Amino acid sequence: MNNNILQTTGLSKAFTQSSGDKLEIFSDINFSLEAGATVSIVGSSGSGKTSLLQILAGLDKPTAGYVSVDGKNLQQMSSNQLCQLRNEKLGFIYQFHHLLPEFTALENTLMPLIIGNKNNKEGKEYAGYILNKLGLAKRMEHYPSQLSGGERQRVAIARAVINQPKIIFADEPTGNLDNTTAHHVLDIFLSLQEELNTSLIVVTHDHEIANRTQQKYTLHNGKLA
Ligand SMILES: Nc1ncnc2c1ncn2[C@@H]1O[C@H](COP(=O)(O)OP(=O)(O)OP(=O)(O)O)[C@@H](O)[C@H]1O
Ligand SMILES: [Mg+2]
């Protein structure tokens, strides 16, 4: 019995260009993530980090190979099953925060619960707890346009952890923050991750951030090493 929460087998991704030529992004990636582990993936711009992360999180499909989460093959799931799995077990922080502009910080945080029909009193209390921990107690009623960059990113973190997911995927979660703010946000993020005992895959081009995870991988020339 292994303790892997996520595993990939022969994972490959290529895009077909308008000319008909194939653009291979990565191929034959065999990767596994242990429950509770923190992993970073570094790589230069355009190396395929976002593409890989989106496939790992079931947001995009590979060209070949498959991803399994909790022993279940994502490629064999219906889109409804996949949505449900993502909603219940996975949290995603996008490279650009992707908050909904017409909802407040609190409502954005609660969105996964609202979508999963689980927006009850406990959920709201938990959202309040997380936002408070992230230093946003006085920003809950602010709309994204009324928040600073670092505050927006912290709301995106709150939204990713609200469901107490088994795996958090973070795509350059601090990429558009200044260095001091980035490390501060990362500190809070790692302490939440530890508290929830959730696994974390973080994509970054920042080696300092990558050094703070237990394992560090590099995506280079379509291979993960
Ligand atoms: N839908 C698409 N169609 C064609 N090519 C794509 C598509 N999406 C991404 N690519 C190409 O795939 C490559 C990898 O993109 P990706 O966004 O995964 O890189 P990245 O490592 O996340 O880069 P960055 O650090 O700049 O965010 C890029 O060269 C990009 O042009
Ligand atoms: Mg990217």
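Reader: How do strand β8 and strand β9 pair, parallel or antiparallel?
Author: In this predicted model, β8 (residues 167-171) and β9 (residues 199-204) pair in the parallel sense, over five bridges. One residue to look at is A170, whose bridge partner in β9 is V202.

Reader: What is the strand order in the sheet?
Author: The order is β7-β8-β9-β4-β10-β11. It is an open sheet of six strands with mixed pairing.

Reader: Which strands stand at the edges?
Author: β7 (90-93) and β11 (223-224) do. Each has a single partner strand, so one side of each is left without a neighbour in the sheet.

Reader: Ok, helices. What does α1 lie across?
Author: Helix α1 (residues 49-56) lies across β4 (38-42), β8, β9 and β10 (215-220). Its direction is at about 160° to β9.

Reader: What is I201 in contact with?
Author: Leaving aside neighbours within four places in sequence, I201 is in contact with L33, V39, I41, L53, L56, I167 and F169.

Reader: Back to α5. At what angle does α5 pack with α6?
Author: At about 10°, with the axes of α5 and helix α6 (residues 179-196) 11 Å apart. That makes α5 roughly parallel to α6.

Reader: Which residues make the contact?
Author: From α5, G150, Q153, R154, I157 and V161; from α6, T181, V185, F189, L192 and L196. By class, six are nonpolar, three polar and one charged.

Definitions and conventions
Residues are numbered from 1 along each chain as its sequence is written. Chains are lettered from A and ligands numbered from 1 in the order in which they are written. This is a predicted model: local features need pLDDT of at least 70, side-chain atom pairs count only at pLDDT 80 or more; totals for chains, interfaces and linings use all residues. Two strands pair if DSSP finds at least two bridges between them. Helices (H or I, at least four residues) and strands (E, at least two) are DSSP runs, numbered from the N terminus. Two residues are in contact if their C-beta atoms, placed from the backbone, lie within 7 Å. Axes are lines fitted to C-alpha atoms, for helices over the stretch in contact, and angles run from 0 to 180 degrees between N-to-C directions. Angles under 35 degrees count as roughly parallel, over 145 as roughly antiparallel, 65 to 115 as roughly perpendicular and the rest as oblique. Ala, Val, Leu, Ile, Met, Phe, Trp, Tyr, Cys and Pro count as nonpolar, Asp, Glu, Lys and Arg as charged, and the others, Gly among them, as polar.
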